[in-house]
Amino acid sequence: MKCAHGAVFDGGSVNTWVQAKHRGTLQFRGALYETDWNSHKLRLQFVTPTETVRVR
């Protein structure tokens, strides 16, 4: 998990790199969580479709 540090209402971005340890098929998906200012509890806002990658 990584955090995007953007200004309020200005957004942010995250780049993450992963390296496969084994050959085969991997599936990845992204999820956007946000917190509110008072409770700091995570709320799921959006989940991307799954991307499938074949590692040779």
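Visitor: What does pLDDT tell us, and what does the protein average?
Guide: pLDDT is the predictor's confidence in each residue, from 0 to 100. This model is predicted, and 80% of the residues score at least 70. The average pLDDT of the protein is 82.

Visitor: Which strand has the highest confidence?
Guide: Confidence is lowest in strand β2, residues 31–35, where the mean is 83. At the other end, a mean of 94 belongs to residues 51–55. Those residues make up strand β4.

Visitor: What pattern does the protein follow along the sequence?
Guide: Let's start with the elements: there are zero helices and four strands. Reading along the sequence therefore meets strands, numbered from the N terminus. The pattern is β-β-β-β.

Visitor: How much of the protein counts as buried?
Guide: To count as buried, a residue needs under 20% relative accessible area. The protein has 56 residues and exposes about 5900 Å², with carbon and sulfur atoms supplying 52% of that area. The share of residues that count as buried is 0%.

Visitor: Where is T48, and is it buried or partly exposed?
Guide: You will find T48 in the loop between β3, residues 42–47, and β4. Its relative accessible area is 29%. Because buried means under 20% and exposed means over 50%, T48 is partly exposed.

Visitor: Which backbone atom does the side chain of T48 reach?
Guide: Beyond its neighbours within four places in sequence, T48 is in contact with R29 and G30. T48 also lies 6.3 Å from A31, C-alpha to C-alpha, although the two are 17 residues apart in sequence. At 2.7 Å, the side chain of T48 reaches the backbone nitrogen of G30.

Visitor: Which residue forms a salt bridge with E34?
Guide: A search of the whole structure finds one salt bridge. With the closest N and O atoms 3.0 Å apart, the partner of E34 is R43.

Visitor: Which strand gives the most to the nonpolar patch?
Guide: The patch on the surface is formed by Y33, L42, L44 and V47, with about 360 Å² of accessible area together. One of them, L44, lies in strand β3 and is partly exposed at 47% relative accessibility. With three residues, the strand that gives the most is β3.

Visitor: How far apart in space are R56 and G24?
Guide: R56 is found in the segment after β4, and it is exposed, with a relative accessible area of 85%. In sequence, R56 and G24 are 32 residues apart. In space, C-alpha to C-alpha, their separation is 6.7 Å.

Visitor: Which residues is A20 in contact with, leaving aside its neighbours within four places in sequence?
Guide: A20 is found in the segment before β1, residues 24–28, and counts as partly exposed at 34% relative accessibility. A20 and V55 are 35 residues apart in sequence, yet 7.4 Å apart in space, C-alpha to C-alpha. Contact means heavy atoms within 4.5 Å, and the residues in contact with A20 are L26 and V55.

Visitor: What share of contacts between residues at least 6 apart join residues at least 24 apart in sequence?
Guide: A20 and V55 are 35 residues apart in sequence and in contact, so this pair, with heavy atoms within 4.5 Å, is one example. Among contacts between residues at least 6 apart in sequence, the share joining residues at least 24 apart is 33%.

Key:
Residues numbered from 1 in each chain as written. Heavy atoms only, no water. Helix = DSSP H or I, 4+ residues; strand = E, 2+ residues; numbered from the N terminus. Buried < 20%, exposed > 50% of the residue type's maximum accessible area, 1.4 Å probe, protein only. Polar contact = N/O pair within 3.5 Å; in protein donor to acceptor, adjacent residues only side chain to side chain. Salt bridge = Lys/Arg side-chain N within 4 Å of Asp/Glu carboxyl O. Patch = residues over 30% accessible without salt bridge, like charges linked within 9 Å, V, L, I, M, F, W, Y side chains within 5 Å. Areas by Shrake-Rupley, 256 points an atom, 1.4 Å probe, with all protein chains shown as cover.
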